[in-house]
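Hello,

Here is the structure I said I would pass on. My notes on what turned up in it follow below.

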Amino acid sequence: MMTAPPFPTVIALADAGAPAETYSPAPDRILSGDPVQTVSNRFSSADGRFNCGLWTGAVGAWRVVFTENEFCHLLEGVVLVKGDDGSERRFVAGDAFVMPAGFTGIWEILAPAKKYYAVYE
């Protein structure tokens, strides 16, 4: 007798997920503060290229190089993103934005931040 494949489960990002992992940017990338971060990945695609979950970050600034495309929905805090091209954007709780692959610059957290993220590599 053949069994049916499992039915995919819908994932609500607000539900309790995996325990958060704590990390910091590489020391040579930190420009100010102590930008300790946590991530609790809530979903990964079978091929590992799509991931989403909940992220938090403490006040500080660090250099970033995005190799992935990331959708962000800021739930708390204030973030200033400065591109190496001279661009500058400020995001506050409630804002949603995309960090495109290839972006290089500085992430600065001005007030402790929390966001939902969806990353595609």
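Strand 6 and strand 7 (residues 88-92) run antiparallel and are joined by 5 bridges. Please keep in mind throughout that this is a predicted model. Within that pairing, Val 79 stands opposite Phe 91 of strand 7. The two strands form a hairpin with 4 residues between them, and Gly 86 in the turn has a positive phi of about 95°.

Strand 6 has other partners too. With strand 8 (residues 96-99) it pairs in the antiparallel sense over 4 bridges, and there Glu 70 has Met 99 as its bridge partner. With strand 9 (residues 104-120) it is joined by 13 bridges, again antiparallel; in that pairing Cys 72 is partnered by Tyr 117.

As for the whole protein, there are 9 strands and 0 helices, so the pattern along the sequence is simply β-β-β-β-β-β-β-β-β. The C-alpha trace spans about 60 × 30 × 25 Å along its principal axes. Of the 121 residues, 33% count as buried. Among contacts between residues at least 6 apart in sequence, 63% join residues at least 24 apart.

Salt bridges

The structure holds 4 salt bridges, and these notes cover some of them. In one, Lys 115 meets Glu 70, with the closest N and O atoms 2.7 Å apart. Lys 115 lies in strand 9 and Glu 70 in strand 6, so this pair ties together parts that are 45 residues apart in sequence. Both ends are buried: Lys 115 has a relative accessible area of 4%, and Glu 70 has one of 7%.

Another salt bridge is formed by the side chains of Lys 114 and Glu 76, at 3.7 Å from N to O. Lys 114 is in strand 9 and Glu 76 in strand 6, so the pair ties together parts that are 38 residues apart in sequence. Here the ends are partly exposed, with Lys 114 at 26% relative accessibility and Glu 76 at 40%.

The side chains of Glu 108 and Lys 82 also meet in a salt bridge, at 3.5 Å from N to O. Since Glu 108 lies in strand 9 and Lys 82 in strand 6, this pair ties together parts that are 26 residues apart in sequence. Lys 82 is partly exposed, with a relative accessible area of 27%.

Glu 68

Glu 68 sits in the loop between strand 5 (60-65) and strand 6 (69-83).

Cysteines

Regards

Note on methods
Residues are numbered from 1 along each chain as its sequence is written. This is a predicted model: local features need pLDDT of at least 70, side-chain atom pairs count only at pLDDT 80 or more; totals for chains, interfaces and linings use all residues. Side-chain values use heavy atoms; hydrogens and water are left out. Two strands pair if DSSP finds at least two bridges between them. Buried means under 20% relative accessible area, exposed over 50%, partly exposed in between (1.4 Å probe, protein chains only). Contact means heavy atoms within 4.5 Å.
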